[in-house]
Amino acid sequence: MDEKKPVNPEEVEYTLKEIRAEQDAKNNQKGFWKKVWSVICWPFRQIKRFVKFVASKIPVPITAKTTIIFTLLFTVALIILDAFIVSSVSNHLQMLGVDDEGYIISLTLTSALLIIISVIVVAALGALASTAMLSPVRKIIKQIDSISADDLSARIDNVDAQDELRELTERINAMLDNLEESFDRQKKFVSDASHELKTPIAVIQGYSNMLLRWGKEDKEVLDESVESIAREADNMKIIVEQLLTLARMGQYMVKSERFDVSQILDELSDSYALVCKTHTVKVSAKKALVNADKNMLTECLRTLVDNAIKYSDEGKTVKISCYDEDGYVKIEVSDEGCGISEDDLPRVFDRFYRCDKARKRNGKGSGLGLTIAKSIVEKMNGTIEAVSEVGVGSTFTVRLPLAE
Ligand code: ADP
(Lines give C-alpha, C1' and ligand atoms only; values in the text may rest on other atoms or scores of the structure.)
Protein backbone atom coordinates (compact mmCIF):
# COMPACT_ATOMS: atom_id res chain seq x y z
CA MET A 1 0.00 0.00 0.00
CA ASP A 2 1.15 3.51 -0.80
CA GLU A 3 1.93 5.54 2.20
CA LYS A 4 1.36 9.29 1.81
CA LYS A 5 4.55 11.29 2.34
CA PRO A 6 4.17 14.20 4.77
CA VAL A 7 4.33 17.62 3.06
CA ASN A 8 7.63 19.37 3.51
CA PRO A 9 7.00 23.17 3.60
CA GLU A 10 10.61 23.95 2.60
CA GLU A 11 10.37 21.72 -0.46
CA VAL A 12 7.05 23.36 -1.47
CA GLU A 13 8.56 26.84 -1.00
CA TYR A 14 11.54 25.85 -3.14
CA THR A 15 9.35 24.49 -5.97
CA LEU A 16 7.21 27.63 -5.90
CA LYS A 17 10.34 29.78 -6.13
CA GLU A 18 11.51 27.77 -9.14
CA ILE A 19 8.15 28.20 -10.90
CA ARG A 20 8.13 31.96 -10.21
CA ALA A 21 11.70 32.34 -11.48
CA GLU A 22 10.80 30.46 -14.68
CA GLN A 23 7.76 32.72 -15.23
CA ASP A 24 9.82 35.87 -14.60
CA ALA A 25 12.43 34.71 -17.12
CA LYS A 26 9.71 34.10 -19.72
CA ASN A 27 8.16 37.52 -19.05
CA ASN A 28 11.55 39.23 -19.28
CA GLN A 29 12.20 37.54 -22.60
CA LYS A 30 8.79 38.66 -23.90
CA GLY A 31 9.44 42.21 -22.66
CA PHE A 32 12.83 42.23 -24.37
CA TRP A 33 11.38 41.22 -27.78
CA LYS A 34 8.61 43.76 -27.35
CA LYS A 35 11.22 46.49 -26.83
CA VAL A 36 13.24 45.34 -29.87
CA TRP A 37 10.07 45.35 -32.01
CA SER A 38 9.14 48.79 -30.75
CA VAL A 39 12.65 50.14 -31.64
CA ILE A 40 12.40 48.61 -35.14
CA CYS A 41 8.95 50.14 -35.65
CA TRP A 42 9.92 53.57 -34.30
CA PRO A 43 11.05 55.08 -37.65
CA PHE A 44 7.92 53.76 -39.39
CA ARG A 45 5.73 55.26 -36.68
CA GLN A 46 7.45 58.62 -37.14
CA ILE A 47 7.05 58.42 -40.93
CA LYS A 48 3.34 57.61 -40.49
CA ARG A 49 2.91 60.58 -38.14
CA PHE A 50 4.79 62.84 -40.55
CA VAL A 51 2.72 61.69 -43.55
CA LYS A 52 -0.51 62.20 -41.61
CA PHE A 53 0.60 65.66 -40.53
CA VAL A 54 1.64 66.73 -44.04
CA ALA A 55 -1.55 65.29 -45.58
CA SER A 56 -3.75 67.18 -43.13
CA LYS A 57 -1.93 70.50 -43.61
CA ILE A 58 -1.52 70.75 -47.40
CA PRO A 59 -4.66 72.21 -49.00
CA VAL A 60 -4.22 70.45 -52.38
CA PRO A 61 -5.90 67.54 -54.17
CA ILE A 62 -5.15 64.02 -53.00
CA THR A 63 -3.13 63.24 -56.17
CA ALA A 64 -0.76 66.15 -55.41
CA LYS A 65 -0.57 65.10 -51.75
CA THR A 66 0.44 61.52 -52.53
CA THR A 67 3.00 62.73 -55.09
CA ILE A 68 4.53 65.26 -52.67
CA ILE A 69 4.69 62.79 -49.80
CA PHE A 70 6.23 59.96 -51.80
CA THR A 71 8.70 62.31 -53.51
CA LEU A 72 9.76 63.68 -50.12
CA LEU A 73 10.27 60.19 -48.70
CA PHE A 74 12.15 59.11 -51.82
CA THR A 75 14.40 62.21 -51.62
CA VAL A 76 15.22 61.53 -47.98
CA ALA A 77 16.10 57.91 -48.79
CA LEU A 78 18.33 58.97 -51.71
CA ILE A 79 20.14 61.63 -49.64
CA ILE A 80 20.89 59.09 -46.89
CA LEU A 81 22.15 56.57 -49.44
CA ASP A 82 24.23 59.22 -51.19
CA ALA A 83 25.77 60.49 -47.92
CA PHE A 84 26.68 56.90 -47.03
CA ILE A 85 28.32 56.26 -50.43
CA VAL A 86 30.28 59.56 -50.46
CA SER A 87 31.51 59.12 -46.87
CA SER A 88 32.58 55.50 -47.40
CA VAL A 89 34.42 56.41 -50.64
CA SER A 90 36.20 59.28 -48.86
CA ASN A 91 37.11 56.96 -45.91
CA HIS A 92 38.39 54.35 -48.31
CA LEU A 93 40.56 56.92 -50.14
CA GLN A 94 41.93 58.16 -46.80
CA MET A 95 42.81 54.57 -45.79
CA LEU A 96 44.67 54.17 -49.10
CA GLY A 97 46.52 57.44 -48.34
CA VAL A 98 44.98 59.22 -51.30
CA ASP A 99 43.91 62.79 -50.56
CA ASP A 100 41.77 63.74 -53.56
CA GLU A 101 39.39 66.48 -52.38
CA GLY A 102 38.47 67.38 -55.97
CA TYR A 103 37.21 63.85 -56.65
CA ILE A 104 35.07 63.86 -53.49
CA ILE A 105 33.58 67.27 -54.42
CA SER A 106 32.82 66.13 -57.97
CA LEU A 107 31.35 62.84 -56.63
CA THR A 108 29.13 64.84 -54.25
CA LEU A 109 27.99 67.25 -56.98
CA THR A 110 27.35 64.46 -59.53
CA SER A 111 25.32 62.43 -57.05
CA ALA A 112 23.40 65.56 -56.00
CA LEU A 113 22.56 66.19 -59.66
CA LEU A 114 21.52 62.57 -60.08
CA ILE A 115 19.32 62.85 -56.99
CA ILE A 116 17.64 65.97 -58.39
CA ILE A 117 17.02 64.31 -61.77
CA SER A 118 15.66 61.10 -60.24
CA VAL A 119 13.45 63.08 -57.84
CA ILE A 120 11.99 65.04 -60.79
CA VAL A 121 11.42 61.82 -62.77
CA VAL A 122 9.87 60.05 -59.77
CA ALA A 123 7.68 63.08 -59.00
CA ALA A 124 6.44 63.21 -62.62
CA LEU A 125 5.80 59.46 -62.77
CA GLY A 126 4.19 59.50 -59.30
CA ALA A 127 1.89 62.36 -60.31
CA LEU A 128 0.88 60.47 -63.46
CA ALA A 129 0.27 57.24 -61.57
CA SER A 130 -1.75 58.80 -58.76
CA THR A 131 -3.80 60.90 -61.21
CA ALA A 132 -4.63 57.76 -63.17
CA MET A 133 -5.46 55.78 -60.06
CA LEU A 134 -7.59 58.47 -58.46
CA SER A 135 -9.36 59.69 -61.61
CA PRO A 136 -12.51 57.67 -60.71
CA VAL A 137 -12.81 59.80 -57.54
CA ARG A 138 -13.32 62.94 -59.67
CA LYS A 139 -15.90 61.07 -61.70
CA ILE A 140 -17.70 59.91 -58.54
CA ILE A 141 -17.75 63.51 -57.18
CA LYS A 142 -19.25 64.79 -60.47
CA GLN A 143 -21.92 62.09 -60.48
CA ILE A 144 -22.79 62.71 -56.83
CA ASP A 145 -23.23 66.42 -57.65
CA SER A 146 -25.87 65.48 -60.22
CA ILE A 147 -27.98 63.63 -57.61
CA SER A 148 -30.54 65.73 -55.77
CA ALA A 149 -33.42 65.11 -53.38
CA ASP A 150 -35.86 65.76 -56.27
CA ASP A 151 -34.37 63.06 -58.41
CA LEU A 152 -32.78 60.15 -56.60
CA SER A 153 -32.92 57.84 -59.61
CA ALA A 154 -29.34 58.55 -60.80
CA ARG A 155 -26.65 56.05 -59.84
CA ILE A 156 -22.85 56.13 -59.87
CA ASP A 157 -21.15 54.11 -62.62
CA ASN A 158 -19.23 51.15 -61.26
CA VAL A 159 -15.48 51.80 -61.13
CA ASP A 160 -13.50 49.51 -63.41
CA ALA A 161 -11.17 48.23 -60.68
CA GLN A 162 -11.10 45.61 -57.96
CA ASP A 163 -10.33 47.92 -55.05
CA GLU A 164 -11.86 50.14 -52.37
CA LEU A 165 -13.19 52.60 -54.97
CA ARG A 166 -15.38 49.90 -56.47
CA GLU A 167 -16.59 48.98 -52.98
CA LEU A 168 -17.29 52.66 -52.29
CA THR A 169 -19.42 53.11 -55.42
CA GLU A 170 -21.33 49.91 -54.66
CA ARG A 171 -22.05 51.11 -51.11
CA ILE A 172 -23.12 54.59 -52.31
CA ASN A 173 -25.46 53.00 -54.89
CA ALA A 174 -26.96 50.69 -52.25
CA MET A 175 -27.47 53.69 -49.96
CA LEU A 176 -29.16 55.59 -52.81
CA ASP A 177 -31.46 52.61 -53.45
CA ASN A 178 -32.59 52.70 -49.80
CA LEU A 179 -32.96 56.49 -49.82
CA GLU A 180 -35.02 56.46 -53.02
CA GLU A 181 -37.29 53.74 -51.67
CA SER A 182 -37.84 55.60 -48.41
CA PHE A 183 -38.44 58.95 -50.21
CA ASP A 184 -41.00 57.29 -52.50
CA ARG A 185 -42.74 55.71 -49.51
CA GLN A 186 -42.76 59.10 -47.76
CA LYS A 187 -44.22 60.84 -50.83
CA LYS A 188 -46.94 58.20 -51.21
CA PHE A 189 -47.73 58.46 -47.50
CA VAL A 190 -48.12 62.26 -47.68
CA SER A 191 -50.26 62.07 -50.81
CA ASP A 192 -52.46 59.29 -49.32
CA ALA A 193 -52.83 61.24 -46.07
CA SER A 194 -53.84 64.46 -47.83
CA HIS A 195 -56.24 62.54 -50.04
CA GLU A 196 -57.90 60.97 -46.98
CA LEU A 197 -58.17 64.33 -45.21
CA LYS A 198 -59.66 66.01 -48.29
CA THR A 199 -63.04 64.25 -47.96
CA PRO A 200 -63.88 65.28 -44.38
CA ILE A 201 -62.63 68.82 -45.07
CA ALA A 202 -64.84 69.04 -48.16
CA VAL A 203 -67.86 67.76 -46.18
CA ILE A 204 -67.24 70.27 -43.37
CA GLN A 205 -66.87 73.07 -45.93
CA GLY A 206 -70.09 72.05 -47.72
CA TYR A 207 -72.16 71.96 -44.54
CA SER A 208 -70.78 75.21 -43.18
CA ASN A 209 -71.56 76.95 -46.49
CA MET A 210 -75.06 75.56 -46.34
CA LEU A 211 -75.42 76.79 -42.76
CA LEU A 212 -74.23 80.24 -43.79
CA ARG A 213 -76.84 80.44 -46.54
CA TRP A 214 -80.01 78.86 -45.09
CA GLY A 215 -79.23 76.78 -42.06
CA LYS A 216 -79.72 79.29 -39.32
CA GLU A 217 -83.43 79.65 -40.08
CA ASP A 218 -84.13 76.01 -40.98
CA LYS A 219 -83.89 73.87 -37.83
CA GLU A 220 -83.67 70.60 -39.81
CA VAL A 221 -80.74 71.84 -41.92
CA LEU A 222 -79.07 73.24 -38.82
CA ASP A 223 -79.28 69.91 -36.95
CA GLU A 224 -78.09 67.85 -39.91
CA SER A 225 -75.18 70.22 -40.62
CA VAL A 226 -73.95 70.36 -37.04
CA GLU A 227 -74.18 66.58 -36.75
CA SER A 228 -72.27 66.01 -39.98
CA ILE A 229 -69.61 68.56 -39.11
CA ALA A 230 -69.11 66.90 -35.71
CA ARG A 231 -68.91 63.43 -37.34
CA GLU A 232 -66.36 64.53 -39.93
CA ALA A 233 -64.30 66.37 -37.29
CA ASP A 234 -64.28 63.10 -35.32
CA ASN A 235 -63.14 61.24 -38.41
CA MET A 236 -60.35 63.73 -39.00
CA LYS A 237 -59.27 63.38 -35.39
CA ILE A 238 -59.01 59.59 -35.77
CA ILE A 239 -57.07 59.90 -39.03
CA VAL A 240 -54.62 62.45 -37.59
CA GLU A 241 -54.11 60.42 -34.40
CA GLN A 242 -53.48 57.23 -36.35
CA LEU A 243 -51.16 59.02 -38.76
CA LEU A 244 -49.14 60.22 -35.79
CA THR A 245 -49.05 56.69 -34.32
CA LEU A 246 -47.87 55.31 -37.66
CA ALA A 247 -45.19 58.00 -37.99
CA ARG A 248 -43.98 57.28 -34.45
CA MET A 249 -43.94 53.53 -35.07
CA GLY A 250 -40.85 53.94 -37.26
CA GLN A 251 -38.67 55.05 -34.35
CA TYR A 252 -40.55 53.16 -31.63
CA MET A 253 -38.32 50.78 -29.69
CA VAL A 254 -40.47 47.87 -28.58
CA LYS A 255 -40.06 46.90 -24.97
CA SER A 256 -39.43 43.29 -24.23
CA GLU A 257 -41.08 41.97 -21.10
CA ARG A 258 -42.11 38.45 -20.20
CA PHE A 259 -45.83 38.09 -19.67
CA ASP A 260 -48.73 35.71 -20.03
CA VAL A 261 -50.88 36.55 -23.08
CA SER A 262 -53.97 34.93 -21.54
CA GLN A 263 -53.77 37.48 -18.74
CA ILE A 264 -54.05 40.49 -21.09
CA LEU A 265 -56.89 38.74 -22.96
CA ASP A 266 -58.82 38.37 -19.68
CA GLU A 267 -58.24 42.06 -18.91
CA LEU A 268 -59.40 42.96 -22.42
CA SER A 269 -62.60 40.91 -22.08
CA ASP A 270 -63.33 42.55 -18.70
CA SER A 271 -62.93 46.04 -20.15
CA TYR A 272 -65.22 45.25 -23.14
CA ALA A 273 -67.83 43.75 -20.77
CA LEU A 274 -67.93 47.15 -19.06
CA VAL A 275 -68.12 49.43 -22.11
CA CYS A 276 -69.62 47.33 -24.93
CA LYS A 277 -73.27 46.52 -24.41
CA THR A 278 -74.04 45.65 -28.05
CA HIS A 279 -71.77 42.60 -28.47
CA THR A 280 -70.45 39.74 -26.35
CA VAL A 281 -66.68 39.32 -26.16
CA LYS A 282 -65.72 35.75 -25.17
CA VAL A 283 -62.20 34.68 -24.29
CA SER A 284 -60.84 31.16 -24.20
CA ALA A 285 -57.13 31.24 -23.45
CA LYS A 286 -54.43 28.94 -22.15
CA LYS A 287 -51.36 30.23 -20.39
CA ALA A 288 -48.78 31.33 -23.01
CA LEU A 289 -45.63 33.23 -22.08
CA VAL A 290 -44.08 35.66 -24.55
CA ASN A 291 -41.30 38.25 -24.53
CA ALA A 292 -43.03 41.23 -26.09
CA ASP A 293 -44.34 44.74 -25.56
CA LYS A 294 -47.46 44.35 -23.41
CA ASN A 295 -48.99 47.76 -24.18
CA MET A 296 -48.38 47.46 -27.89
CA LEU A 297 -49.87 43.97 -28.06
CA THR A 298 -52.93 45.16 -26.11
CA GLU A 299 -53.27 48.08 -28.57
CA CYS A 300 -53.08 45.71 -31.54
CA LEU A 301 -55.67 43.30 -30.09
CA ARG A 302 -57.94 46.21 -29.22
CA THR A 303 -57.90 47.25 -32.91
CA LEU A 304 -58.88 43.72 -33.97
CA VAL A 305 -61.70 43.49 -31.41
CA ASP A 306 -62.92 47.02 -32.25
CA ASN A 307 -63.08 46.03 -35.93
CA ALA A 308 -64.86 42.78 -35.12
CA ILE A 309 -67.49 44.80 -33.23
CA LYS A 310 -67.63 47.56 -35.86
CA TYR A 311 -68.18 45.18 -38.76
CA SER A 312 -70.76 42.85 -37.20
CA ASP A 313 -74.38 43.35 -36.19
CA GLU A 314 -75.57 44.03 -32.68
CA GLY A 315 -76.04 40.94 -30.52
CA LYS A 316 -73.23 39.02 -32.24
CA THR A 317 -70.34 37.40 -30.41
CA VAL A 318 -66.63 38.15 -30.81
CA LYS A 319 -64.41 35.20 -29.83
CA ILE A 320 -60.80 35.56 -28.74
CA SER A 321 -58.74 32.42 -28.31
CA CYS A 322 -55.11 31.86 -27.47
CA TYR A 323 -53.02 28.69 -27.54
CA ASP A 324 -49.46 27.67 -28.38
CA GLU A 325 -48.44 25.92 -31.57
CA ASP A 326 -44.96 25.07 -32.91
CA GLY A 327 -43.08 27.48 -30.65
CA TYR A 328 -45.56 30.30 -31.28
CA VAL A 329 -48.53 31.68 -29.42
CA LYS A 330 -51.52 31.95 -31.72
CA ILE A 331 -54.11 34.61 -30.84
CA GLU A 332 -57.30 34.49 -32.89
CA VAL A 333 -60.00 37.16 -33.00
CA SER A 334 -63.12 35.86 -34.77
CA ASP A 335 -66.41 37.56 -35.51
CA GLU A 336 -69.74 36.75 -37.12
CA GLY A 337 -69.73 39.94 -39.14
CA CYS A 338 -70.10 41.05 -42.74
CA GLY A 339 -66.84 39.39 -43.77
CA ILE A 340 -64.30 40.56 -46.36
CA SER A 341 -64.41 39.64 -50.04
CA GLU A 342 -61.61 37.63 -51.67
CA ASP A 343 -60.51 40.70 -53.65
CA ASP A 344 -60.34 42.93 -50.59
CA LEU A 345 -58.71 40.45 -48.22
CA PRO A 346 -55.10 40.79 -49.45
CA ARG A 347 -55.34 44.59 -49.21
CA VAL A 348 -56.87 45.16 -45.78
CA PHE A 349 -53.42 45.69 -44.19
CA ASP A 350 -52.53 48.40 -46.77
CA ARG A 351 -52.48 52.01 -45.65
CA PHE A 352 -55.88 53.76 -45.94
CA TYR A 353 -57.52 50.70 -47.49
CA ARG A 354 -61.21 50.43 -46.67
CA CYS A 355 -63.51 47.96 -48.36
CA ASP A 356 -66.47 49.59 -50.10
CA LYS A 357 -68.88 47.68 -47.89
CA ALA A 358 -67.13 49.04 -44.80
CA ARG A 359 -67.37 52.60 -46.08
CA LYS A 360 -71.10 52.25 -46.61
CA ARG A 361 -71.73 50.35 -43.40
CA ASN A 362 -69.67 52.47 -41.08
CA GLY A 363 -68.54 55.96 -41.98
CA LYS A 364 -66.05 56.03 -39.12
CA GLY A 365 -62.60 54.67 -39.77
CA SER A 366 -59.38 55.63 -41.42
CA GLY A 367 -58.13 52.44 -43.02
CA LEU A 368 -55.05 52.71 -40.82
CA GLY A 369 -56.00 50.46 -37.89
CA LEU A 370 -54.83 47.19 -39.46
CA THR A 371 -51.69 48.86 -40.90
CA ILE A 372 -50.73 49.91 -37.38
CA ALA A 373 -51.63 46.47 -35.98
CA LYS A 374 -49.42 44.80 -38.59
CA SER A 375 -46.43 47.04 -37.93
CA ILE A 376 -46.80 46.43 -34.15
CA VAL A 377 -46.81 42.66 -34.62
CA GLU A 378 -43.87 42.75 -37.04
CA LYS A 379 -41.87 44.87 -34.60
CA MET A 380 -42.31 42.03 -32.10
CA ASN A 381 -41.09 39.46 -34.68
CA GLY A 382 -44.58 38.12 -35.18
CA THR A 383 -47.03 37.76 -38.06
CA ILE A 384 -50.67 38.68 -38.63
CA GLU A 385 -53.07 37.25 -41.18
CA ALA A 386 -56.76 37.17 -41.92
CA VAL A 387 -59.26 34.67 -43.29
CA SER A 388 -62.80 35.66 -44.06
CA GLU A 389 -66.02 34.72 -45.77
CA VAL A 390 -68.55 37.30 -46.86
CA GLY A 391 -71.69 37.09 -44.76
CA VAL A 392 -70.15 34.54 -42.35
CA GLY A 393 -67.37 36.39 -40.55
CA SER A 394 -63.64 36.99 -40.27
CA THR A 395 -60.77 35.63 -38.20
CA PHE A 396 -57.59 37.62 -37.62
CA THR A 397 -54.64 35.56 -36.33
CA VAL A 398 -51.60 37.01 -34.58
CA ARG A 399 -48.55 34.75 -34.08
CA LEU A 400 -45.78 35.66 -31.65
CA PRO A 401 -42.71 33.62 -30.68
CA LEU A 402 -43.14 31.90 -27.30
CA ALA A 403 -40.74 32.92 -24.54
CA GLU A 404 -37.98 30.36 -23.91
P1 ADP B 1 -60.85 51.03 -40.51
O2 ADP B 1 -60.51 52.22 -39.72
O3 ADP B 1 -61.51 51.32 -41.79
O4 ADP B 1 -61.54 49.98 -39.71
P5 ADP B 1 -58.69 49.13 -40.64
O6 ADP B 1 -57.32 49.27 -41.17
O7 ADP B 1 -58.87 48.68 -39.25
O8 ADP B 1 -59.42 50.47 -40.95
O9 ADP B 1 -59.42 48.06 -41.56
C10 ADP B 1 -59.29 48.16 -42.98
C11 ADP B 1 -60.51 47.60 -43.63
O12 ADP B 1 -60.56 46.19 -43.45
C13 ADP B 1 -61.79 48.10 -43.04
O14 ADP B 1 -62.19 49.30 -43.63
C15 ADP B 1 -62.76 47.00 -43.34
O16 ADP B 1 -63.23 47.12 -44.66
C17 ADP B 1 -61.89 45.76 -43.30
N18 ADP B 1 -62.03 45.03 -42.02
C19 ADP B 1 -61.17 45.06 -41.01
N20 ADP B 1 -61.59 44.25 -40.02
C21 ADP B 1 -62.73 43.69 -40.42
C22 ADP B 1 -63.65 42.76 -39.87
N23 ADP B 1 -63.44 42.22 -38.65
N24 ADP B 1 -64.71 42.40 -40.59
C25 ADP B 1 -64.91 42.91 -41.82
N26 ADP B 1 -64.09 43.79 -42.41
C27 ADP B 1 -63.03 44.18 -41.73
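The lining of the second largest pocket draws at least two residues from each of α4 (164–215), α5 and α9, where helices (H or I, at least four residues) and strands (E, at least two) are DSSP runs numbered from the N terminus. A pocket is here an open set of points on a 1 Å grid over the protein atoms alone, with protein on both sides within 12 Å along at least five of seven lines, whereas a cavity is a set of points where a 1.4 Å probe fits but cannot get out; lining residues have an atom within 4 Å of a point. The model is predicted, and local features need pLDDT of at least 70, side-chain atom pairs count only at pLDDT 80 or more, and totals for chains, interfaces and linings use all residues. Residues are numbered from 1 along each chain as its sequence is written, and side-chain values use heavy atoms, with hydrogens and water left out.

The second largest pocket holds about 540 Å³ of space, a volume being the space filled by probe spheres set on grid points that are joined across faces, edges and corners. Among the 18 residues that line this pocket, R185, F189, L246, R351 and T371 are the closest to its centre. The greatest contribution to this lining, eight residues, is made by α4.

The largest pocket has a volume of about 800 Å³. Its lining comprises 35 residues, of which N307, K310, Y311, R354 and G365 are the closest to its centre. At least two lining residues come from each of α5 (219–249), α7, α8 (356–361), α9 and β7, and α7 gives the most, with eight residues. The space taken by the ligand is this largest pocket, a molecule being assigned to a pocket if more than half of its atoms lie within 2 Å of its grid points.

Around the ligand there are 21 residues, of which N307, Y311, D335, R354 and L370 come nearest; a residue counts as near if one of its heavy atoms lies within 4 Å of the molecule. Within this shell, α7 (294–310), α9 (369–379) and β7 (393–401) each supply at least two residues, and the largest share, three residues, comes from α7.

A polar side-chain atom of R354 lies 2.6 Å from an oxygen atom of the ligand, a polar side-chain atom of Y311 lies 2.8 Å from a ligand oxygen atom, and an N or O atom in the side chain of K310 is 3.0 Å from an oxygen atom of the ligand. Of the 530 Å² of accessible area that the ligand has on its own, the protein covers 98%, with areas computed by the Shrake-Rupley method with a 1.4 Å probe.

How values were computed: Polar contact = N/O pair within 3.5 Å; in protein donor to acceptor, adjacent residues only side chain to side chain.
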